[in-house]
Amino acid sequence: MKRGEDGFTIPEMLIGALLATAAATLIATAIYQFSVASRDGRNRLTALGDLQNASLWIGRDTSEAQSFASGSGSVYGTLSTSDANLEYRYSYSSADTSLVREVLVGGSPTNTTRVARHIAGQGDVAFSQSGTLLTVTITSTSGSIDESATLSASMRVR
Amino acid sequence: MRLRRAGPAGLASTLLRRLHRDQRGISIAEELVSLVVLASAVGLVIAGIYLGSVGVRQKGGRVNAGVLAQSQLELVADTTYRANPTSVPYPTVEPVTGFSVSTEVEYWTAPNGPFTGTLRNDGLQRITVSVADGTGEILSVEELKVNR
């Protein structure tokens, strides 16, 4: 060290180290919070998108339906319309954890849509019927975030 | 302290030279500038996190409100026409924590209108469903109910 350059005293060093530690902690916390907030936000938006999409499809199909027949196995049920050849079937696909909507023409699927893509288990979607009112409860799970909604829809065709 | 007029590279080399040759440190102006730059960066990050979380919260409110309003209208559609909904009200959806759903009925005045809030039975009602959360109304939708 050059002459006349006394360097730092112990208290100065300690204060410096303390300030540096505090700044590093603050920055690390900010980075962590940023990553957590953005990840959770993305997961929440994903789950909400599922609910929104599913409610639009189910609402649309139910308003066109005349009756609902509960299904078995992976099938939740089938909505029948006034056209005897046209039905909408909702089922669970465990392969890609999705709520699947199929358009059946003459009993055969002609179009398949995954209306909700983050359904962790088959029990996370439930269809129940009371008269002409269909109630569907959906829970979508993305990462550690889950969102639920209960949708009521009236089968309008009498 | 005097600094020669220099570009960014010149300024950096001047600072480095000064750090190696003496221990005069940095001036209060330089310290303040660096603090302002750091504070701005941290402020931007915090503002970004805040805006992102507000956006996600608003989206959540809109999706939940949309489902609630749709369900409420479907319940009304599924029910027979109620001539006097003040005494026999239309059914309401199951409450969801954090949201409130209100259903308002207006009555058509035959033959040419308008809708009025005073109870009457001319066979047509305008149902307005509003969904609100703690911050205020999120959305409001209308549907007509016909006596048929």
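Which residue in E7(A) stands opposite Ser128(A)? The views below take up this question and others in a predicted model.

View 1. Ser128(A) stands opposite Thr135(A), which lies in E7(A). The two strands here are E6(A) and E7(A), the latter covering residues 133-142. Their pairing is antiparallel and runs over 6 bridges.

**View 2. The sheet of chain A.** Three strands of chain A form an open sheet. Their order is E6-E7-E8, and the pairing is antiparallel. Strands E6 (125-130) and E8 (145-154) of chain A stand at the edges. Each has a single partner strand, so one side of each is left without a neighbour in the sheet. From one strand to the next, the twist averages 10 degrees.

**View 3. Helices from two chains on the sheet.** Helix H1 of chain A, residues 10-63, packs on the sheet. H1 touches E7 and E8 of chain A. The direction of H1 makes about 15 degrees with that of E8(A). H2(B) also packs on this sheet, touching E7 and E8 of chain A. For H2(B), the angle with the direction of E8(A) is about 20 degrees.

**View 4. The largest nonpolar core.** This core has 38 residues. Which of them touch the most other members? They are Leu51(A), Ala54(A), Leu99(A) and Ile138(A). Helix H2 of chain B, residues 28-78, gives the most to the core, with 8 residues. In soluble globular proteins, nonpolar side chains tend to be buried together.

**View 5. Around Ile138(A).** Leave aside residues up to four places away in sequence.

**View 6. Where chain B meets chain A.** How many residues does the contact take from each chain? Chain B gives 21 residues and chain A gives 23 residues. On the side of chain B that touches chain A, 9 residues are nonpolar, 8 are polar and 4 are charged.

**View 7. Chain B on its own.** Chain B has 2 helices and 4 strands. Along the sequence, the pattern reads α-α-β-β-β-β. Of the 148 residues of chain B, 16% count as buried. Take the contacts in chain B between residues at least 6 apart in sequence: 43% of them join residues at least 24 apart.

Terms used: Residues numbered from 1 in each chain as written. Chains lettered and ligands numbered in written order. Predicted model: local features only at pLDDT ≥ 70, side-chain atom pairs only at ≥ 80, totals over all residues. Core = buried A, V, L, I, M, F, W, Y, C linked by C-beta atoms within 7 Å. Buried ≥ 20, exposed ≤ 12 C-beta atoms within 10 Å, placed from the backbone. Contact = placed C-beta atoms within 7 Å. Nonpolar A, V, L, I, M, F, W, Y, C, P; charged D, E, K, R; others polar. Pairing = 2+ DSSP bridges. Axes fitted to C-alpha atoms, helices over the stretch in contact; angles between N-to-C directions.
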